[in-house]
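Colleague: Hi! Could you show me how to read burial and salt bridges in a structure? I am new to this.

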Amino acid sequence: MEKILVLDFGGQYDQLIARRVRDLGVYAQIRRYNKVTTEQIEEEGYKGIIFTGGPNSVYEKDSPSFDKRIFGLKIPVLGICYGAQLMAHLCGGKVISAEDSSEYGSTRVYVKEELLFKGVKNESVCWMSHTDYISQVPAGFEILARSDKCPCAAMGDPSRKLYAVQFHPEVTHTECGRQIFSNFLFDICGCKGDWRMDDFVSSSIEKYRKELKGKKVLLALSGGVDSSVAAVLLHKAIGNDLTCVFVDHGLLRKGEAQQVEELFKNRFGLHLIRVDAKERFLKKLKGVKEPEVKRKIIGEEFVRVFEEEAKKIGDVDVLVQGTIYPDVIESGKGDSATIKSHHNVGGLPEDMSFKTVCEPLRDLFKDEVRKAGIQLGIPEKMVFRQPFPGPGLAVRILGGITKEKLDILKEADAVFTSELEAAGLEEKASQYFAVLTDSRAVGVKGDARSYGYTVALRAVTTDDFMTAKITRIPYELLERIATRICNEVKDVSCVVYDITSKPPGTIEWE
Ligand code: XMP
């Protein structure tokens, strides 16, 4: 399978780079600059390499760098922004601070006629974001583009197939970005562009069949899309050498634990162990109010439960996780700031006692995971279900968690979601759920005064979950839902609808 390496130097847009490449039918794999060697790159037979942007200055001590022998592998390289400067720096050119000539945003760039810019207008709008620039290109390179402020907006050494652009072809504001990627992939790297999701599925099955042969493998099945796809994929690769452990921590929605067991054990025939850990999690979470502490506790307890199950099975040496690419970014594993620690990445205890962790979906975006799920025969209803956070209802109960509060939330959530679905609004709302706040409100039930909890309803419409708008639910429906929740769920006397977009809000309350 032809593939491109996206070498990640900590840029904000590196997932977009992989996106653009895959959209053109070429598989792109993202790897951190310090997690791969020149030898491995050569061995793995990449058709091309893209250096991403990054927040550092190449001339500073300890800035991310790479072994310069990479330029001698005869594999085409495209450097972007920091990646462009790094190429210049490593090949003997000069990079200096742009000071007053820094450029941010839409910038007019004038390009030369060259293979990388085939089909690109001589004067083209590109997206720039840089505080340094290449003041002197290395020997063998020529300047291929300039802007009004930047003398070298692109450079190249066509004989060695080394190219660099100061601007960001991966963002849509760069009008010829797609054309530039297409030129690099097809004309410079010689790719065919015949990669499809079924290639990923079949080559992954092959790969793990070989790699995990004879090993006892344990997978943490949460019932979410990611771990479900990982489970079915690995089951196809190694059959019953895969044991799935489903931890019923009691923080799932109403009826969910039974549905997971039914689908994977009975329908797919997976070797599934359901562990009843409800009491155990409640005990650990008792009195804990701080959301990030809840996440860490849950992440840690998960692994402890797996370890115990692993010991019972004996000889387990690989732990599989359904981590996908945005989890890695959001947990600050790149150099981006930590937003919320997703329990399946950030919260893993350091003394975890599995020899290896295997993450088959680590390079995929959500929609690609879904495509893989369909390819693997997982029902659409399951594959297109709304996201549910790993720490589950624990981050939807504000303040301390008790069994009583969990029961209230499960019932209220079931009323809300079933009403929304009955009204056909689940197509419009990307994620919808109830939150149990820690405020109480006075109400009247029958003729008596009640003093119950306030439940907040949240429904958002979004493509990428990075930004979101509230879903416009008709007032009549909201009214009916509020009445039903107050009537049917014990101890609730007030229902509110959250009307905050993201940003400034986030989707979850904690
Ligand atoms: P926020 O609240 O950050 O949520 O706007 C964005 C998306 O991420 C999900 N989310 C989580 N998923 N563990 C997860 O696996 C978590 O701790 C977590 N926190 C938020 C959230 O449901 C939404 O889809």
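Modeller: Happy to! A residue is called buried when its relative accessible area is under 20%, exposed when over 50%, and partly exposed in between. Keep in mind that this is a predicted model.

Colleague: Is Arg19 buried or exposed?

Modeller: Arg19 has a relative accessible area of 17%, so it is buried.

Colleague: And which residue does the side chain of Arg19 meet in a salt bridge?

Modeller: A salt bridge pairs a side-chain nitrogen of Lys or Arg with a carboxyl oxygen of Asp or Glu, within 4 Å. Here the partner of Arg19 is Glu368, at 4.0 Å from N to O. Arg19 belongs to helix H1 and Glu368 to helix H11, so the bridge ties together parts 349 residues apart in sequence. Glu368 is buried too, at 3% relative accessibility.

Colleague: How many salt bridges does the structure hold?

Modeller: There are 38. One of them joins Arg484 and Glu419, with their closest N and O atoms 2.9 Å apart. Arg484 sits in helix H14 and Glu419 in helix H13, so this pair links parts 65 residues apart in sequence. Arg484 is partly exposed at 26%, whereas Glu419 is buried at 9%. Salt bridges can also share partners: Asp248, Glu261, Lys265, Arg274, Asp276 and Lys278 form one network that way.

Colleague: Can we read burial along a helix? How many residues of helix H3 are buried?

Modeller: Eight of the nine residues in H3 (residues 82-90) are buried, including Tyr82, Leu86 and Leu90. After H3 comes Gly92, with a positive phi near 105°.

Conventions:
Residues numbered from 1 in each chain as written. Predicted model: local features only at pLDDT ≥ 70, side-chain atom pairs only at ≥ 80, totals over all residues. Heavy atoms only, no water. Buried < 20%, exposed > 50% of the residue type's maximum accessible area, 1.4 Å probe, protein only. Helix = DSSP H or I, 4+ residues; strand = E, 2+ residues; numbered from the N terminus.
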